Amino acid sequence: LEAVCKGLDEGKRTFYCLKSRQVGLTTLSLVFDVFWLALYPATIGALVSDCPKTSESNRRAIRRYIEGIPKGFFGKSFAIVDDNKNFFTFSNGSRLDLLVAGKRSKNWGESVGYIFAHCTEVSAYGEKEGLDSFREALSAGHPNRLVIFESTAKGFNHFRDMWIAAKRDEYTCVCVFIGWWSKAINSIAKTDPRYRTFN
């Protein structure tokens, strides 16, 4: 969140997050998705998952988050109007399309333009052509645009290529590495008898 806020302050709108497993980055990013859609009415966004099972899990999490928002938190009401396996629509006119990149699909990102996008587990997307097509649909000039690509590494693949290209672009992109050390349960407290050995 600190990296995203700092990047936004610097006018950067595309974020690449390389993460280790089970650090809670997707969970936190889903909260950020809800915040962005609520903050900017009439935002057309996309949440891209690697497979249908993950897409459904993300959809349920977003519904829980929205149902847990205190009344009036976003000023006038922000509520779900439609909710199905393909999209959410919200009372402020925003929409979140739920896309699945899959392992072999090449055309999952065609036809719609997006102001906002959150792509999770990008290294697991099967076909680079689908991802390239989707990236062409992302706004390059809208004042409320925001794109988050997050993934574990999984070796030499299209996400690695994207990460390297983004590292070279100091004007529009931010790259953030979230390692295993960032999760509290992966550390050993000083009071733990193992601390002396592994410190």
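**View 1. The side chain of N157 reaches the backbone oxygen of K154 at 3.0 Å.** This is a polar contact, a pair of N or O atoms within 3.5 Å; within protein, one must be able to donate a hydrogen and the other to accept it, and residues adjacent in sequence count only if both atoms are side-chain atoms. The model is predicted: local features need pLDDT of at least 70, side-chain atom pairs count only at pLDDT 80 or more, and totals for chains, interfaces and linings use all residues. Residues are numbered from 1 along each chain as its sequence is written, and side-chain values use heavy atoms, with hydrogens and water left out. A polar atom of the N157 side chain also lies 2.9 Å from the backbone nitrogen of F159. N157 sits in the loop between β7 and α5 (158-168). Helices (H or I, at least four residues) and strands (E, at least two) are DSSP runs, numbered from the N terminus. N157 is buried, with a relative accessible area of 14%. Buried means under 20% relative accessible area, exposed over 50%, and partly exposed in between (1.4 Å probe, protein chains only). V122 is 35 residues from N157 along the chain, and their C-alpha atoms are separated by 9.7 Å.

**View 2. K19, in strand β1, meets E150 in a salt bridge (2.7 Å, N to O).** A salt bridge is a side-chain nitrogen of Lys or Arg within 4 Å of a carboxyl oxygen of Asp or Glu. E150 lies in strand β7 and K19 in strand β1, so this pair ties together parts that are 131 residues apart in sequence. Both E150 and K19 are buried. For K19 the relative accessibility is 8%. Contact means heavy atoms within 4.5 Å. Not counting residues up to four places away in sequence, K19 touches L25, T26, T120, E121, E150, S151, T152, A153 and I178.

**View 3. Other salt bridges include E10 with K12 and D132 with K128.** The whole structure holds 12 salt bridges. The E10 and K12 side chains meet at 3.2 Å, N to O. E10 is partly exposed at 41% relative accessibility, whereas K12 is buried at 15%. The D132 and K128 side chains meet at 2.7 Å, N to O. These two are four residues apart in helix α4 (residues 128-136), so about one helical turn separates them. D132 counts as partly exposed at 30%, and K128 is partly exposed at 42%. Elsewhere, salt bridges that share partners join E56, R59, R60, R63, E67 and D83 into one network.

**View 4. The largest nonpolar core has 25 residues.** A nonpolar core is a set of buried Ala, Val, Leu, Ile, Met, Phe, Trp, Tyr and Cys residues joined through side-chain atoms within 4.5 Å. I62, F78, F90, L96 and L146 have the most contacts inside this core. At least two of its residues come from each of β1 (14-19), α2 (25-39), α3 (52-67), β4 (87-90), β5 (95-100), β7 (146-151) and β8 (173-178). Helix α2 gives the most, with seven residues. L96 touches L37, G45, A46, L47, I62, N86, F87, F88, F90 and F116, not counting residues up to four places away in sequence. Apart from this core lies another, of 23 residues, among them Y16, A46, A101 and F149.

**View 5. The structure holds 10 aromatic pairs.** Rings of Phe, Tyr and Trp (its six-membered ring) pair if their centres lie within 6.5 Å; planes under 30 degrees apart count as stacked, over 60 as edge-to-face and the rest as tilted. Y16 and F149 are stacked, because their ring centres are 5.0 Å apart and their planes are at 20 degrees. Y16 lies in strand β1 and F149 in strand β7, so the pair ties together parts that are 133 residues apart in sequence. Y16 is buried, with a relative accessible area of 4%. F149 is buried too, at 1%. The rings of F73 and F74 are edge-to-face, with centres 5.0 Å apart and planes at 90 degrees. F73 is exposed at 56% relative accessibility, whereas F74 is partly exposed at 24%. One aromatic cluster is formed by F32, F35, W36, Y40, F73, F74, F78, F88 and F90.
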